[in-house]
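Biologist: Please take me through the helical packing here, with a close look at one helix and its partner. Which residues make the contact, and which way do they face?

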Amino acid sequence: MLRLRPFDTSTPEGRSAERYRRIAWSTMLSTIARLVGLATSFISVPLVVGYLGKRRYGMWLTMSSLVAALGPLDMGIGLGLLTVVSDAYGRDDRQAARRAISTAVAMLTTIAALAVVVFASSTS
């Protein structure tokens, strides 16, 4: 399943094999990405602590955690977009995928603007 060339998608068997090929590649690359991220953390933390010092590193870590905590602020738009785009590509409807992506970007931009307004008004 980890072959580079795609399967012939003109038959149901070919589409099924291509789907499983893509699943296998996604799983493998996702695992590699997580391992690289973990290795990067093990390497970068001692370097950053040594460079910033313990106090500034604590501030940097707090800000990083705050940014990570804001991740769910997308209200499921990212996962919903993944579902809609997958469905559109399954039907070979690239125009629907484009519309979904542009709508999701507009919604996330609106949410970000509202978050900036709320945070700015709370600090005043």
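Modeller: Start with helix 2, residues 54–69. At 1.5 Å a residue, its 16 residues should span 22 Å. The end C-alpha atoms are 22 Å apart, so expectation and model agree. Keep in mind that this is a predicted model. Helix 2 is hardly covered: among its 16 residues, the count of buried ones is one.

Now the helix for the close look. Helix 3 runs over residues 77–90. Its 14 residues should span 20 Å at 1.5 Å a residue. The C-alpha atoms at its ends are 20 Å apart, which agrees.

Which residues of helix 3 are buried? They are Ile 77, Val 85 and Ala 88. Viewed down the helix axis, these buried residues fall within an arc of 60°, so they line one face of helix 3. That buried set packs against helix 4. Turn to the face directed away from the buried side of helix 3. There sit the exposed residues Leu 79, Leu 82, Thr 83 and Gly 90.

Next, the partner. Two packed helices are described by the angle between their axes and the distance between the axes. Helix 4 takes in residues 94–123. The axes of helix 3 and helix 4 come within 8 Å. They cross at roughly 170°. An angle over 145 degrees counts as roughly antiparallel, so helix 3 is roughly antiparallel to helix 4.

Who makes the contact? From helix 3 come Ile 77, Leu 81, Val 84, Val 85, Ala 88 and Tyr 89. Helix 4 answers with Arg 94, Ala 96, Ala 97, Ala 100, Ile 101, Ala 104, Met 107, Leu 108 and Ile 111. By class, 14 of the residues in this contact are nonpolar. One is charged, and no polar residue takes part.

Asp 87 also belongs to helix 3. Its relative accessibility is 42%, so Asp 87 counts as partly exposed. Asp 87 and Ile 101 are 14 residues apart along the chain. Their C-alpha atoms are separated by 13 Å.

Now the link between the two helices. Asp 92 is found in the loop between helix 3 and helix 4. It comes just after helix 3 and takes a positive phi of about 60°. Most residues other than glycine have a negative phi. Asp 92 has its positive phi although it is not a glycine. Is Asp 92 buried or exposed? At 57% relative accessibility, Asp 92 counts as exposed.

With 5% relative accessibility, Glu 18 counts as buried. What does Glu 18 touch, leaving aside its neighbours within four places in sequence? Its contacts are Pro 6, Phe 7 and Thr 9.

Thr 27 lies in helix 1 too. At 47% relative accessibility, Thr 27 counts as partly exposed. Thr 27 and Ile 43 are 16 residues apart in sequence. From C-alpha to C-alpha, they are 24 Å apart in space.

Back to the pair. The buried face of helix 3 is the one packed against helix 4. Asp 92 sits in the loop between those two helices.

Note on methods: Residues are numbered from 1 along each chain as its sequence is written. This is a predicted model: local features need pLDDT of at least 70, side-chain atom pairs count only at pLDDT 80 or more; totals for chains, interfaces and linings use all residues. Side-chain values use heavy atoms; hydrogens and water are left out. Axes are lines fitted to C-alpha atoms, for helices over the stretch in contact, and angles run from 0 to 180 degrees between N-to-C directions. Helices (H or I, at least four residues) and strands (E, at least two) are DSSP runs, numbered from the N terminus. Angles under 35 degrees count as roughly parallel, over 145 as roughly antiparallel, 65 to 115 as roughly perpendicular and the rest as oblique. Contact means heavy atoms within 4.5 Å. Ala, Val, Leu, Ile, Met, Phe, Trp, Tyr, Cys and Pro count as nonpolar, Asp, Glu, Lys and Arg as charged, and the others, Gly among them, as polar. The expected span of a helix is 1.5 Å times one less than its number of residues. Buried means under 20% relative accessible area, exposed over 50%, partly exposed in between (1.4 Å probe, protein chains only). The arc is that of the directions from the helix axis to the C-beta atoms.
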